[in-house]
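Visitor: I am new to this structure. Please take me through one part of it closely: the cavity, its lining and the helices around that topic.

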Amino acid sequence: LGEIVSVIAVDDAALAKEQAQKVLDTASVEGRKYADMLISKVGIPTLVAVALMALGWLILPTFSIQVSSAYRESISFYEVLKVINNSAGLDSLSNLDALSGGVWGWLMFAALLAPLLPHFHSNKYLPLGYAAPLMLILVVVLQTYISIRDSVSQARGLAGGFGGAKGAVMAERMMSEMMNMAFKAVSLGAGLYIAAAVSLYLAFIGIRKFLASSAKV
């Protein structure tokens, strides 16, 4: 007992594979442990809702734009934020990977995490974080509307400066026709419907939790 009977050389590849398997097994065990902890603290409904929100914002298309008769571009909500952050136009659709979401991107990720915070801290106002995704969507819609309105106002002002009242009327008609063409070229994607439905659900849950906690005080 305790004596060395023989020594066998172990292939480096086999040793590396064994070590990698041990690392994977350890990571799998730790991952399951943290996943179980997250499920027990947050709950499956909220986690599923946040996952669907991320899917609707990061992967599924929010809009599909018919740029030309032979070219159609689909963009996600995060890519919409990139366009807003860089004040870019349709010409930027083919180069979205090079653009940064900036502050808007950080706001999106913060809105995704906000519904999880009430489960890790007892502050009575944190349940309102459930409404963060809906608030971000409304802010983006408002920002888009303001940008379009400002563009129309600038075009009307330029036309009025050069052509007087008639020029302003012609510019308004042209802008109206251009807007109609733009809206016809845009179709709503699955990501928008999923994000809208989930954000309304989360906002309802958050407001209900906040009112319940306030009633107890």
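Guide: First, a term. A cavity is a set of grid points where a 1.4 Å probe fits but cannot get out. Note also that this is a predicted model.

Now the cavity itself. The structure holds one cavity of 30 Å³ or more. The volume of the largest cavity is about 30 Å³. Its lining is made up of G56, W57, T62, F77, I137, G191, L192 and A195. By class, five of these lining residues are nonpolar and three are polar. None is charged.

Next, the helices. Two of them, α2 (44–58) and α6 (190–216), each supply at least two residues of the lining. The most comes from α6, with three residues.

Stay with α2 for a moment. L55 is found in this helix.

Then turn to helix α3, which spans residues 77–85. E79 is found there. E79 is buried, yet it has no salt bridge. A salt bridge needs the nitrogen and the carboxyl oxygen within 4 Å. What does E79 touch, leaving aside its neighbours within four places in sequence? E79 is in contact with S74 and L96.

Methods
Residues numbered from 1 in each chain as written. Predicted model: local features only at pLDDT ≥ 70, side-chain atom pairs only at ≥ 80, totals over all residues. Heavy atoms only, no water. 1 Å grid on protein atoms, 1.4 Å probe; cavity = no way out; pocket = protein on both sides within 12 Å on 5 of 7 lines; lining within 4 Å. Points joined across faces, edges and corners; volume = space filled by probe spheres on them. Helix = DSSP H or I, 4+ residues; strand = E, 2+ residues; numbered from the N terminus. Nonpolar A, V, L, I, M, F, W, Y, C, P; charged D, E, K, R; others polar. Buried < 20%, exposed > 50% of the residue type's maximum accessible area, 1.4 Å probe, protein only. Lys, Arg positive; Asp, Glu negative; His and termini not counted. Salt bridge = Lys/Arg side-chain N within 4 Å of Asp/Glu carboxyl O. Contact = heavy atoms within 4.5 Å.
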